[in-house]
Amino acid sequence: MSSKNAVKIKFFNGEDIPLELHKVRVVQKLNLVSIERRLEALNEGGFNTFRLNTRDVFLDMLTDSGTNAMSDMQVSAMMHADDAYAGSQSFFRLQKAVEDVLRKKYLLPVHQGRAAENILSCAYIKKKGDLIPMNYHFTTALAHITQYGGRIVELLHDEAYNIASSCPFKGNMHVEKLEEVIRETGAENIPFIRLEASTNLIGGQPFSIQNMREVRNVADRYGLRIVLDASLLGENAYLIIQREPEFKDASMSEVISIITGLADIVYFSARKLSSSRGGGICTNDLTIYRELEALVPLFEGFLTYGGISVREIEAMAVGLYETLDESMICQSPTFISYLVNSLTDNGVPMVTPPGVLGAHVDAMQVCAHIPQNQYPAGSLAAAFFLISGIRGMERGSISNQRDENGNETYADMELLRLAVPRRVFTLSQIKYVIDRMSWLYQNRSLIGGLKFVYEPPVLRFFMGGLDPVSDWPQRLIAKFKEDFGDSL
Ligand code: F0G
């Protein structure tokens, strides 16, 4: 399935633009509503882009989770699904795909990534204060670990926090620090080490195989298990081929199997990997399988469906195989790279090098005039939706959870994430994103802060409600009208 040469396409006129390696056969109409309606929508949704109704959204760049375009092969596979409570053929096809692609023979299906995090935290966090070292947290992983009484420590290199960087592997774990933490804490208080592929919250940044090998050595020295969050594994593998010289001629299949071979447990959200729902936990170790097995029927469903419909299981299986096709997996990273480079050329501060999943705008710089307790990234997300109809996601302090005493913990980075789901947007739509974000950057002094008016206690970013601290949205609308006239 690997088709490496399809990725490098040069234009005779010297233009450096990504080329779609697919054709569009089913389309969905989009609405671009007026700026006045967009302000009403923000008011109705508590200035929180999660709470917008897609009726009001033009380009939905909230996430790539469950929003990647499916292939004709995936859709057709859904038609021959085998409906059965137990022993479904669809499950066995998925199990075979997991074995072929991820090289793990035991599979526990779950309805999405966070369900895997729930099961792993439930099974392995045995006492209050157990510590999970990781390259960086993901919101749902952290929430489950703390829910079961565990703690985390993040072990990235300082360079990972540098917004503008040329470091190819910002997701690498600091292995010396890892060893220090293990010695101080005691291996018996560490249920596992968690490594996240394409570290989401720092801008979709990969780790290298060299780094993972070093983490494996440390883990072996102390008898610790490595749990890999493989939700964005395909993209991490693609960037390894691009950036790690040892693997420049390797296939996706080779790179993926080396990575998963270094982990004891691999879990994933299939919402990103391939399909609209689903996830899994897989391993080659029967002891581990037995430790987790009983929790699937308890939380998810029987062991051959795990809370996923058989149609989605079929789509997942095909999606896993498609992950091995470099010409397919490259589509989103190359569009992201184009978006990041174009915005950087226009002076907009972006996380670099370009990562995966989306382009990340540095709201700390764009909204340097907004204090962190007024949520610069949330403010930028709301302002950008207002002037463009484009919905991004706040990945800053609103996405952080309060500490055990109820105090705010400010995020290391205040980012606006503009997700680029696979094969969904065209280049002219990406150009619209660049145009509107560049305009907003020029007019950034008009963006104001936000304050919470409704704050849920867990994962507050999903449903929280905020208000603007002043009439800044009206001032932004006035400037938009001045510059764009009657354009939407
Ligand atoms: N791990 C990573 C790295 C993720 O990015 C996500 C989800 C999950 C686990 C949880 O998976 O949503 O299927 O329960 N990320 C989505 C996002 C929600 O928009 O970044 P899930």
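## Backbone features

Where is Phe 47 found? Phe 47 sits in the loop between α1 (35-44) and β1, and its phi is near 50 degrees, a positive value in a residue other than glycine. Helices (H or I, at least four residues) and strands (E, at least two) are DSSP runs, numbered from the N terminus.

A cis peptide bond runs from Thr 352 to Pro 353, with omega near -5 degrees. Pro 353 belongs to the loop between α15 (331-345) and β9 (358-362). As background, most residues other than glycine have a negative phi, and most peptide bonds are trans.

## About the model

This is a predicted model, where local features need pLDDT of at least 70 and side-chain atom pairs count only at pLDDT 80 or more, while totals for chains, interfaces and linings use all residues. Residues are numbered from 1 along each chain as its sequence is written, and side-chain values use heavy atoms, with hydrogens and water left out.

## Charges

Side chains of opposite charge can pair when their charged atoms come close. With a salt bridge taken as a side-chain nitrogen of Lys or Arg within 4 Å of a carboxyl oxygen of Asp or Glu, the count comes to 28 salt bridges. One of these joins Lys 272 and Asp 64, whose closest N and O atoms are 2.5 Å apart. This pair links distant parts of the chain: Lys 272 is in helix α10 (residues 270-273) and Asp 64 in the loop between β1 and α2, 208 residues apart.

## The largest pocket

The largest pocket holds about 1,500 Å³ of space. Of its 43 lining residues, Val 26, Ala 69, Met 70, Arg 423 and Val 424 are the closest to its centre. At least two lining residues each come from β1 (59-60), α2 (72-78), α13 (310-322) and α14 (326-329).

Here a pocket is an open set of points, on a 1 Å grid over the protein atoms alone, where a 1.4 Å probe fits, with protein on both sides within 12 Å along at least five of seven lines; lining residues have an atom within 4 Å of a point. The volume is the space filled by probe spheres set on the points, which are joined across faces, edges and corners.
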